[in-house]
Amino acid sequence: MTTVANFAIDYRQYLNEHGEVNTKLPDFANNSDTLIQNYQDMVLTRTFDLKAVTLQRTGKLGTFPPILGQEALSVGIGSSMQKDDVLVPSYRDHGAQFQRGVSMQEVLLYWGGDERGSNFASANAKDDLPISVPIASQYLHAAGIAKAFQYRQQKRVAVTFCGDGGTSEGDFYEAINLAGTWKLPVVFIVSNNQWAISVPRDIQSGCETLAQKAIAAGFTGVQVDGNDIIAVREASLNALEHARNGNGPALIEAITYRLGDHTTADDAKRYRSREETNAAWQREPIARLKSYLVNIGVWNEEQEKNLQTQCAAKVEKAVKAFLDMPKPNVTEIFDSLYAQLPEALIEQREEAISEASS
Amino acid sequence: MQAIQYREAIREAMVEEMRRDERVFLMGEEVAQYNGAYKVSQGMLDEFGPRRVVDSPISETGFSGLGVGAAMYGLRPIIEFMSWSFCLVAADQIINNAPKMLYMSGGQFGCPAVFRGNNGAGGQLGSTHSWCVESMFSSVPGLKLAVPSTPRDAKGLLKTAIRDDDPVFFLESERMLGLGARGGKDFSRYLKDTWAPPTPKQDEDFTIPFGVADIKKPGNDVTIVAAGRPVHFALDAAEALGKEGIDCEVIDPRTYRPLDIDTIVKSVRKTNYCVVVDQSWPFASVGSEIAAQVYEHAMDDLDNKVIRINNDDVPAPYNRTLEQEMLPNTKKIIDTVRAVTYNA
Ligand SMILES: Cc1ncc(C[n+]2csc(CCOP(=O)(O)OP(=O)(O)O)c2C)c(N)n1
Ligand SMILES: [Mg+2]
């Protein structure tokens with residue numbers, strides 16, 4: 001018998017859960033300004049997230065999926081992308097969307113039940129896709145966008161997210177297989193937050209790692225500590241460069257934990273223990289980065305206080321803008337339906353206007 | 001009669017059939033440990049264990065296709081979709097495989113699977129999560145399709161579905177799962193005792209056959225045809241219209257495949273007016289089919305044209321106001337009935 005192939009999955013962590021560095025840092029991480037920026041963005045993301053949950057509780061938002069605990073992953077990937085790359089998010093990636101220039105007001109508008117929130121104003125995010133609800137369907141869209149980049153010979157990369165649950169879908173497997181076959185410039189992120197609503201990771205797949213699914217598709221998959229922004233950014237910068245240079249796709253499985261409920265319509269206490277959640281809080285991403293920054297002497301409590309105040313003010317401003325948005329017109333259900341509205345619908349549209357005003 | 005919720009009626013049907021028939025098992029997302037995403041399968045894991053109440057990864061193609069294979073091999077799977085919206089991921093298995101198996105195998109391998117789950121706008125879930133699949137799927141030969149509107153119909157029809165030798169698409173509604181929660185009071189207004197199933201003691205083998213419409217409210221002046229959730233809009237409308245002296249007959253076909261057109265036609269011959277309410281989109285819809293069949297059979301008995309009330313011909317909006325605007329509702333039915341009977 002001969003061995004015809006050998007595979008291994010690497011795991012990367014730089015900052016452990018206490019914020020201690022356990023190995024030599026990659027170059028970018030020696031620039032403390034970058035890390036401080038990441039830290040501020042993570043805190044802003046969390047401030048927003050907590051506020052959004054409160055808004056939902058008071059009836060101002062429909063349903064909302066909190067990102068609590070996954071800020072390093074979301075901010076880390078978003079901030080590694082270049083301007084003309086394209087983000088194809090899942091519903092739990094507003095941290096990455098903010099990095100791309102999507103506004104907090106837009107995210108609120110969307111979850112308030114208004115498709116206008118997916119019409120991003122920022123030039124940077126204008127090619128980014130809105131959220132796709134059918135799980136993992138966006139993986140194929142990202143591969144398609146990467147196909148278009150390849151077709152046009154552009155040095156751009158599509159970056160897409162799905163959850164641990166999403167890796168069980170057919171769309172997931174077909175997307176990675178096509179991307180591997182055609183060496184498409186796409187980076188697949190698996191946000192392994194241990195839960196798919198009430199379904200734990202071990203019911204989802206018999207694989208030891210989700211990263212190894214990439215191997216079957218013919219490219220590299222790595223695992224990182226998704227609560228360590230340095231590990232996340234190093235893996236994503238590598239993957240992006242690899243894809244941008246025409247070497248094909250990459251997959252990153254980021255190990256993290258969903259500290260909040262699946263959505264505001266869920267109650268996670270019904271299916272997981274307090275011990276488990278408490279233990280996960282010990283590994284959360286923001287405290288560990290803060291403690292590292294404080295230890296190396298580039299962050300202090302006064303800066304922290306200012307940051308908290310600024311974040312709260314920014315979020316309040318976005319909330320106000322969101323609440324002040326005029327309601328959509330009844331015509332909007334027709335206006336973005338076809339490029340050119342067909343005759344029969346023009347009539348229905350007129351009827352809707354007269355019904356709405358009667 | 002037992003005052004149970006719609007979700008309990010579905011559970012009772014499954015439990016009773018699983019006790020009766022070892023071949024029946026339930027498979028889907030969150031059906032076991034979590035007792036069902038909407039608590040429909042509460043307690044079933046405890047009673048039947050993980051061999052017969054099976055949690056699946058989020059793999060709709062996977063568990064639908066496995067269901068098809070298991071059914072062809074003699075089992076009786078009940079496949080639960082968290083929402084019918086997400087069955088579309090598995091369209092090839094449920095549309096292009098399940099209903100064709102018997103035919104393509106020259107009568108050898110049937111597919112006695114039940115596919116069930118929530119259908120219709122659940123309330124602000126956005127267009128990809130708010131599908132009404134009855135029109136799309138009713139045009140597929142080889143399958144049966146039920147749309148129960150009360151706990152009684154849900155239980156009786158589901159038991160029939162599980163016993164049926166062909167694939168059955170069973171369309172429930174998230175908005176009706178709690179129906180009956182407040183006991184008989186809710187419905188007794190317009191449904192008297194007919195909304196709830198008999199107790200197992202009263203009738204231990206209660207089933208409702210497919211293809212038999214139910215006259216939810218008898219009347220003489222106009223026929224309203226509706227199935228699923230819109231039945232309740234129609235009954236509300238009938239109540240309001242009754243006060244104006246318009247006596248509506250509300251007919252619930254209960255299954256679109258097979259369709260009991262005779263009961264509808266008989267009613268139209270009596271009332272001479274017909275309104276069809278259907279919570280899917282108007283083009284090539286079940287509502288259109290019923291209207292066409294009414295014309296074919298009762299053209300000369302009609303004193304006005306048949307009017308269809310459907311969703312507006314747009315995707316379900318995410319916005320609350322726009323969504324309500326787009327769906328059939330009681331007011332639309334009242335206005336339409338007045339117009340069609342020249343009472344506007
Ligand atoms: C095709 C499809 N099936 C089912 C659902 C219902 N659903 C919404 S979120 C979810 C769990 C997803 O879990 P995971 O992929 O781990 O992502 P997470 O929510 O943890 O970020 C499910 C089953 C859906 N949206 N689409
Ligand atoms: Mg998950």
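## Paired strands in chain B

In this predicted model, B:Val114 stands opposite B:Val168, a residue that belongs to strand 6 of chain B. The two strands concerned are strand 4, which covers residues 114–118 of chain B, and strand 6, which covers residues 168–172 of chain B, and they pair in the parallel sense over five bridges.

These strands take their places in an open sheet of seven strands in chain B, where the order is 2-1-3-4-6-5-10 and the pairing is mixed. At the edges of this sheet lie strand 2 (53–55) and strand 10 (255–257) of chain B, each of which pairs on one side only. On average, and with direction ignored, neighbouring strands of the sheet are turned by 20 degrees against each other. Helix 7 of chain B, made of residues 151–163, packs on the sheet and touches strand 1 (24–28), strand 3 (76–81), strand 4, strand 6 and strand 10 of chain B, while the direction of the helix makes about 160 degrees with that of strand 6 of chain B.

Most residues other than glycine have a negative phi, and most peptide bonds are trans. Against that background, the peptide bond from B:Arg257 to B:Pro258 is cis, with omega near 0 degrees. B:Pro258 is placed in the loop that runs between strand 10 and helix 10 (261–271) of chain B.

A second case concerns B:Gln124, a residue other than glycine whose phi is positive, near 60 degrees. B:Gln124 is found in the loop between strand 4 and helix 6 (134–138) of chain B.

## The sheet of chain A

Chain A has an open sheet of six strands with the order 1-7-8-4-3-2, and here the pairing is parallel. Its edge strands are strand 1 (11–12) and strand 2 (86–88) of chain A, each pairing on one side only. Strand 1 of chain A runs parallel to strand 7 of chain A, which covers residues 221–225, and two bridges join them. In this pair of strands, A:Tyr11 stands opposite A:Gln223 of strand 7 of chain A.

## The site of ligand 1

Ligand 1 is surrounded by residues from chains A and B, so the site is shared between chains. There are 21 residues around ligand 1, and those that come nearest are A:Tyr91, A:Arg92, A:Gly166, A:Trp195 and B:Glu60. The shell around ligand 1 divides into 11 nonpolar, five polar and five charged residues.

Several atom pairs describe how chain A meets the ligand. A nitrogen atom of ligand 1 lies 3.0 Å from a backbone N or O atom of A:Ile135. Side chains are involved as well: an N or O atom in the side chain of A:Asp164 is 2.9 Å from an oxygen atom of ligand 1, and an N or O atom in the side chain of A:His262 is 3.3 Å from an oxygen atom of ligand 1. Of the 590 Å² of accessible area that ligand 1 has on its own, the protein covers 94%.

How values were computed: Residues are numbered from 1 along each chain as its sequence is written. Chains are lettered from A and ligands numbered from 1 in the order in which they are written. This is a predicted model: local features need pLDDT of at least 70, side-chain atom pairs count only at pLDDT 80 or more; totals for chains, interfaces and linings use all residues. Side-chain values use heavy atoms; hydrogens and water are left out. A residue is near a molecule or strand if one of its heavy atoms lies within 4 Å of it. A polar contact is a pair of N or O atoms within 3.5 Å; within protein, one must be able to donate a hydrogen and the other to accept it, and residues adjacent in sequence count only if both atoms are side-chain atoms. Accessible areas come from the Shrake-Rupley method with a 1.4 Å probe; for residues, only the protein chains shown count as cover. Ala, Val, Leu, Ile, Met, Phe, Trp, Tyr, Cys and Pro count as nonpolar, Asp, Glu, Lys and Arg as charged, and the others, Gly among them, as polar. Two strands pair if DSSP finds at least two bridges between them. Helices (H or I, at least four residues) and strands (E, at least two) are DSSP runs, numbered from the N terminus. Axes are lines fitted to C-alpha atoms, for helices over the stretch in contact, and angles run from 0 to 180 degrees between N-to-C directions. Contact means heavy atoms within 4.5 Å.
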